[in-house]
Amino acid sequence: MGRARKPVQIIILFVIILLGGYAIGSSVFGGDGKPREGGKAPSFDLLGLDGLTHTLDEYKGKSVVLNFWGSWCAPCVKEMPALQAQWEKWKEQGVVVVGVNVGEDQMTVENFVKLVDINFPVVMDTGRDAVRSYGVSPLPTTFFINAKGKIDSIHIGQLDLSTLDDQIGKLVRP
């Protein structure tokens, strides 16, 4: 019986070493799963205020300003007019502003959108799946995604009109 356990113990030890090596490698080489500048933007599958499910893939070939926000977040509310202005300025040049509401119900989001008078596409991340896949914390956080689907830059915190214009300009004219 002792001989039969020896190969099993060797296999178990090998698996433990392999898993340990993977864990250390992931930690050292940035395998936390968070998207980074220059990396591919994670896709999402979220319900929009229009009642349709939207994905990042539907904006292929366009530059995307992906803004994570909440109506309870004061900096998010303050940056909405700038996002709307930049949407209007750049949409004819293949730029899409997409607002990702974090964790709120549809009625709250609809009322907020009417109140602040925005008309760029808004999707709802009620289950916070996109927040997890993008590693978003805190709000607002904005991802500037180029036409090839790569993250050009990430801005954490409130955006102003000038910063937005500069970032979008870099997407359109790399």
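The model is predicted, so local features need pLDDT of at least 70 and side-chain atom pairs count only at pLDDT 80 or more, while totals for chains, interfaces and linings use all residues. Residues are numbered from 1 along each chain as its sequence is written, and side-chain values use heavy atoms, with hydrogens and water left out.

Me: What makes Tyr134 count as buried or exposed?
Reply: Its relative accessible area is 1%. Buried means under 20%, exposed over 50%, and partly exposed in between, with a 1.4 Å probe and protein chains only, so Tyr134 is buried. Phe143, at 2%, also counts as buried.

Me: Why is the Phe68 and Tyr134 pair called tilted?
Reply: Rings of Phe, Tyr and Trp (its six-membered ring) pair if their centres lie within 6.5 Å; planes under 30 degrees apart count as stacked, over 60 as edge-to-face and the rest as tilted. Here the centres are 5.4 Å apart with 50° between the planes, which gives a tilted pair. Phe68 lies in strand 3 and Tyr134 in helix 4, so the pair ties together parts that are 66 residues apart in sequence. Helices (H or I, at least four residues) and strands (E, at least two) are DSSP runs, numbered from the N terminus.

Me: What makes Lys89 partly exposed?
Reply: Its relative accessibility is 43%, so Lys89 falls in the partly exposed range. Asp165, at 23%, counts as partly exposed too.

Me: How far apart in helix 4 are Arg132 and Asp129?
Reply: They are 3 residues apart, so about one helical turn separates them. Their salt bridge has its closest N and O atoms 2.7 Å apart. Arg132 counts as exposed at 56% relative accessibility, whereas Asp129, at 48%, is partly exposed.

Note on methods. A salt bridge is a side-chain nitrogen of Lys or Arg within 4 Å of a carboxyl oxygen of Asp or Glu.
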